[in-house]
Amino acid sequence: MSGIAEEIKASVMGAEPVEVSYPEKGYHCALETSPDKLPDIVRLFDEKRFYLECLLCTDYTDYLELVYLFNTHLSPCRVKVTLKVDPQQPVAPSMSSIYASAYWYEREIHEFYGVLFTGHPNMTYLFLHNDIHDYPLRKGKVPVPPEDKERLDSFKPGEQEDTFFINLGPQHPSTHGVLRVVLKMDGEYIEQAEPVLGYLHRMHEKMAENRSYQQFLPNTGRMDYLGPMSFNLGYVLAVERLCAISVPDRAIFVRIIATELNRICSHLLWVGAYLADLGALTPFLFVFDDREQIQDVLEGITGSRLTYCYFRFGGLYNDVDDQFIAGTKAFVKRMWGRFSLYEKLVTGNVIFVNRTKGIGTITGEQARKYGVAGPVLRSAGIACDLRKVESYSAYNEMEFNIPVGEHGDALDTYKIRIAEMENSLRIIEQALAKLPGGPFMAEKVPKKLKPPRGDIYQVVETPRGELGIYIVSDESDRPLRMKWRVPSFSNLMIFPELARGMLLADAVAILGSLDLVIPEIDR
Amino acid sequence: MIYGFIKGTASLIAGLGVTIRAFFQPVVTSQYPRELLTISPRFRGHTRLLVDPENPEKNKCTACGICVKSCPSGSIKKVEGEKKEGEKKKTATEYLLDFTTCSQCGICVEVCPFDALDFSHAYNSAGYKREDFHYDLVKELMRNRVQ
Amino acid sequence: MVNELLNMASSDAGKMVLGLIGVLVFVVVNALLLTWAERKVAGHMQRRIGPKEVGPFGLIQPIADAIKLLGKEILTPAKVDKPLYYLAPVLIFVPVLVSFIVIPFDASLQVTDINVGILVILAFSSISVLSILMAGWGSENKYSLIGAVRSVAQNIAYEIPLLLALLPVIMLANSLSLKEIVEKQEGLWFVVIQPLAFIIYFIASVAETNRTPFDLPEAESELVAGYHTEYSGMRFALFFLAEYTNIFIVSAIAATFFLGGYQGPLLPGIVWFLLKSYFLVFVIMWLRWTYPRVRFDQLLNFAWKGLIPLAFVNLIITGGLLKI
């Protein structure tokens with residue numbers, strides 16, 4: 001960990017990396033830089049095989065601060081690189097030629113803050129439409145200049161001879177929500193794919209700045225409606241870490257059980273939806289049968305069936321009862337017996353295997369460049385599961401495997417998700433066995449949270465991969481900035497590259513294998 | 001290749017076996033509305049006011065307004081109360097909840113210092129216009145008590 | 001008056017008219033029944049109940065659906081190629097009706113026995129490809145067009161193994177008349193002699209009727225609804241009707257060629273014929289609710305590299321054995 005600070009110092013003239021306390025901040029090393037040195041530093045990280053975890057911007061009124069978070073997959077070494085930008089004329093060099101994942105993050109920052117990235121190949125808008133008047137995330141009222149508005153319409157297809165365009169979405173059966181992908185087709189083959197986002201954009205990050213920490217809690221489940229527990233968990237962990245609230249053991253274990261149940265639920269739905277994408281509709285109903293059991297169990301403690309809001313700062317909404325424990329045990333028992341059915345119906349099926357084998361193959365290098373996360377990342381053979389690599393809650397006390405793939409294709413992501421369900425069942429069994437008594441809520445949690453000044457980056461492993469929450473506090477009861485680094489966003493980024501040259505049917509198979517949740521991408 | 005062919009065929013037959021078994025198994029769905037499931041005790045419907053156990057004529061709400069301030073969506077439009085003679089605190093006479101914007105997060109239930117709020121079990125609310133979901137919880141309470 | 005009617009009915013022309021009316025009624029009833037059956041089969045395979053509210057076991061449901069479709073406004077998208085767009089749903093129905101004329105439901109229950117019966121069916125069923133192409137092209141919709149192109153490629157590819165699988169039976173029976181083929185199976189069904197041909201025919205017929213796992217022309221997760229994306233109301237219903245009737249026809253031909261048609265002990269011939277046909281229809285539905293969809297290139301490879309050579313080998317062996 002200290003190694004990287006030394007290396008930056010040695011390689012880049014005048015760079016002053018500072019080591020920080022990881023338990024307090026969530027990153028190991030901070031470094032402030034200037035626009036001319038930035039490319040050298042980023043290139044250094046690229047050589048050291050770091051991936052660009054997140055790129056975000058914060059408006060401190062006097063200046064804008066760009067934050068580049070770099071990390072390595074297997075041994076966490078998170079480095080925060082900051083770059084101050086003049087708020088009057090915000091310009092920064094584009095890093096998209098070095099890291100492909102910067103391509104979308106820079107577009108996002110451009111439309112929300114008006115920062116112009118020089119050298120960016122396509123500085124158009126990602127989420128917003130051309131009726132926007134002010135930059136939404138700037139603290140003051142900063143109008144969008146007219147020349148910027150011309151950049152708004154992000155994709156203007158121009159048909160050539162022998163090619164035509166197809167809109168896959170925003171209302172299309174295989175996009176699972178309102179994602180639009182514009183495909184440039186040559187017959188049945190895809191020449192180019194361009195996702196168009198923003199149909200479900202609700203600006204949760206702005207909402208976070210306008211309400212107290214407690215009030216934002218229900219929003220977390222609305223971003224990823226299939227894995228709300230993980231989002232809930234990430235948010236409460238981040239705020240607890242920021243305010244130094246300790247959580248009783250019982251709450252920690254219940255959190256793990258609830259999150260893992262939710263993970264199984266999410267993976268199950270993916271299996272069903274993916275098979276529906278491939279044309280088999282029966283597995284969809286079978287997984288709903290299983291899901292229903294989980295939802296019954298979770299409804300018993302949370303009171304809702306989909307967008308849970310169960311965790312609180314310092315503990316839980318309420319305690320679990322015997323009925324929950326019995327229900328969970330019954331579900332675990334039932335679920336162990338269901339895998340053989342899925343094996344026969346899906347995993348072994350020769351049509352399914354032929355449809356997914358060798359489709360959407362991701363290499364480790366591609367995964368790093370695009371910053372993909374979760375089962376997609378693990379399918380490329382990188383055993384990065386944040387529950388283990390950057391353990392939180394009590395996952396380090398649990399025994400489970402990180403399933404990895406060999407080929408990085410859609411079939412691998414399927415197998416990984418099935419194996420992850422089995423591992424989640426194992427975690428639930430262990431957590432149930434270890435579940436301690438005692439209070440479910442910390443005693444001294446202030447009614448009004450006013451965290452100390454500073455920032456924090458908290459990661460959790462959601463069913464879709466790495467969720468990062470970056471919070472900047474200015475000692476008020478509302479966050480100055482809250483950035484959500486969501487896994488589906490970075491996973492979708494790789495889609496155009498994977499889809500190129502594939503058949504239309506393969507594009508649907510690839511899109512499905514990424515397990516996208518559109519409200520999470522659009523936030 | 002022949003081995004692959006046999007394996008493939010076997011996998012197809014195994015799949016058929018799964019579905020035909022399911023075909024003869026009993027259904028797992030329940031036939032709503034002919035069959036009703038029991039609602040979980042923690043089910044979150046819209047919020048409701050609770051009756052004061054000491055005085056069944058009264059609700060527990062004192063119209064302090066903490067829930068109004070804490071609601072993230074501004075769904076609690078108005079809480080008003082009046083003080084009756086000989087009582088220390090006010091009692092709510094009007095509690096307007098705009099259920100269309102409520103996300104059932106339960107913050108109001110948690111912050112209430114008098115534990116006057118709770119979730120109802122109304123799961124099948126339906127209406128023709130938005131105003132149908134603008135509830136006055138005091139009136140709802142009275143109506144439910146009459147029933 | 002009554003006598004005259006009876007006379008008319010006994011004459012050849014009268015028999016033809018009565019038969020046609022019977023066929024029309026059967027086509028509609030069969031299609032309605034099959035849509036109901038499909039939903040019931042799907043429901044129970046997915047551990048749910050399927051239609052149940054309208055009528056006993058939901059049997060009236062398809063009629064309610066038909067009335068709904070009839071009552072819908074017939075929309076015509078602005079940019080369609082009108083003649084093609086209007087003609088396609090009508091044209092898809094012609095081969096369906098014609099095929100029924102030569103199918104023997106029982107020893108005496110056949111509209112007319114043509115001595116080239118199977119040729120008539122196969123020739124007319126090729127027309128349905130044309131109407132699918134017309135629907136896809138005329139709709140001015142990219143999804144429809146891709147669906148239509150897929151359909152044409154698929155139908156051409158699978159018509160060959162379909163024919164090649166029927167040929168050995170024709171050679172064995174020494175006739176093209178469906179009735180004679182059935183008569184020849186007294187005692188021994190051809191499926192026992194020609195199991196490979198039966199399997200090839202069955203696979204090819206699933207592909208011919210665009211059913212899962214070969215439902216690429218209407219692959220709903222890729223092409224929304226394929227060639228009939230732009231059709232609504234009664235025009236859509238015609239496509240739907242044709243699809244289900246086609247399923248019955250291919251099953252009926254399989255029953256006639258391989259399973260002894262109306263031959264069977266105890267029960268009357270028509271019952272045997274319908275039992276065999278509907279069993280095959282059930283298998284086709286069963287396949288649909290079990291398998292995912294194959295990919296376009298896999299589909300064509302399977303026909304050209306798998307089924308066609310296999311069917312040829314089977315044909316040559318059969319021919320050789322017959323000579324000896």
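This briefing walks through the chains, their contacts, and a few local features of the structure above.

It's a predicted model, where local features need pLDDT of at least 70, side-chain atom pairs count only at pLDDT 80 or more, and totals for chains, interfaces and linings use all residues. Residues are numbered from 1 along each chain as its sequence is written, while chains are lettered from A and ligands numbered from 1 in the order in which they are written. Helices (H or I, at least four residues) and strands (E, at least two) are DSSP runs, numbered from the N terminus.

**Chains B and C overall**

- Chain B carries four helices and five strands, and from the N terminus its elements go α-β-α-β-β-α-β-β-α.
- The radius of gyration of chain B is 25 Å, whereas a compact globule of 147 residues would come in near 15 Å. That radius is taken over C-alpha atoms, and the globule rule is 2.2 Å times the number of residues to the power 0.38.
- Along the principal axes, the C-alpha trace of chain B spans about 90 × 30 × 30 Å.
- Chain C has 15 helices and zero strands.
- For chain C the radius of gyration is 20 Å, which agrees with the value near 20 Å for a compact globule of 324 residues.
- The box filled by the C-alpha atoms of chain C is roughly 60 × 60 × 45 Å, again along the principal axes.

**Where the chains touch**

- Between chains A and C, 25 residues of chain A are in contact with 24 residues of chain C. Contact here says that the C-beta atoms of two residues, placed from the backbone, lie within 7 Å.
- On the chain A side, at least two residues each come from β8 (164-168), α9 (249-277), α10 (282-302), α12 (350-356) and α19 (504-513). The most come from α12(A), with four residues.
- By class, that side of chain A has 15 nonpolar, six polar and four charged residues. For the classes, Ala, Val, Leu, Ile, Met, Phe, Trp, Tyr, Cys and Pro count as nonpolar, Asp, Glu, Lys and Arg as charged, and the others, Gly among them, as polar.
- The contact of chain C with chain B takes nine residues from chain C and 11 residues from chain B. The chain C side of that contact splits into five nonpolar, two polar and two charged.

**Helix pairs**

- In chain C, α4 (residues 82-91) and α7 (residues 127-138) pack at an angle of about 150 degrees with their axes 8 Å apart, which makes α4(C) roughly antiparallel to α7(C). Axes are lines fitted to C-alpha atoms, for helices over the stretch in contact, and angles run from 0 to 180 degrees between N-to-C directions.
- On the wording, angles under 35 degrees count as roughly parallel, over 145 as roughly antiparallel, 65 to 115 as roughly perpendicular and the rest as oblique.
- The α4(C) and α7(C) crossing is left-handed; the term applies if the near helix is turned anticlockwise from the far one by less than a right angle, with clockwise being right-handed.
- Residues of α4(C) in this contact include C:Leu84 and C:Leu91, and those of α7(C) include C:Met134 and C:Trp137. The contact of α4(C) with α7(C) has 10 nonpolar, two polar and no charged residues.
- In chain A, the axes of α9(A) and α11 (residues 322-347) come within 13 Å and cross at roughly 25 degrees, so α9(A) is roughly parallel to α11(A).
- The crossing of α9(A) and α11(A) is left-handed too. Among the residues making the contact are A:Leu261 and A:Ile264 of α9(A) and A:Met335 and A:Tyr342 of α11(A).

**A sheet in chain A**

- Three strands form an open, antiparallel sheet in the order β13-β14-β15 of chain A; strands pair if DSSP finds at least two bridges between them.
- β13 (454-462) and β15 (479-485) of chain A sit at the edges with a single partner strand each, so one side of each has no neighbour in the sheet. The twist from one strand to the next averages 15 degrees.
- β13(A) and β14 (residues 465-473) of chain A pair over nine bridges, and the bridge partner of A:Val459 is A:Gly468 in β14(A).
- Helix α8 (residues 228-243) of chain A lies across β13 and β14 of chain A, at about 150 degrees to β13(A).

- Most residues other than glycine have a negative phi, and most peptide bonds are trans.
- A:Ser393 has a positive phi of about 45 degrees, and its place is the loop between α15 (386-389) and α16 (410-434) of chain A.
- B:Tyr32 and B:Pro33 are joined by a cis peptide bond with omega about 0 degrees; B:Pro33 is in the loop between α1 (2-24) and β1 (47-49) of chain B.
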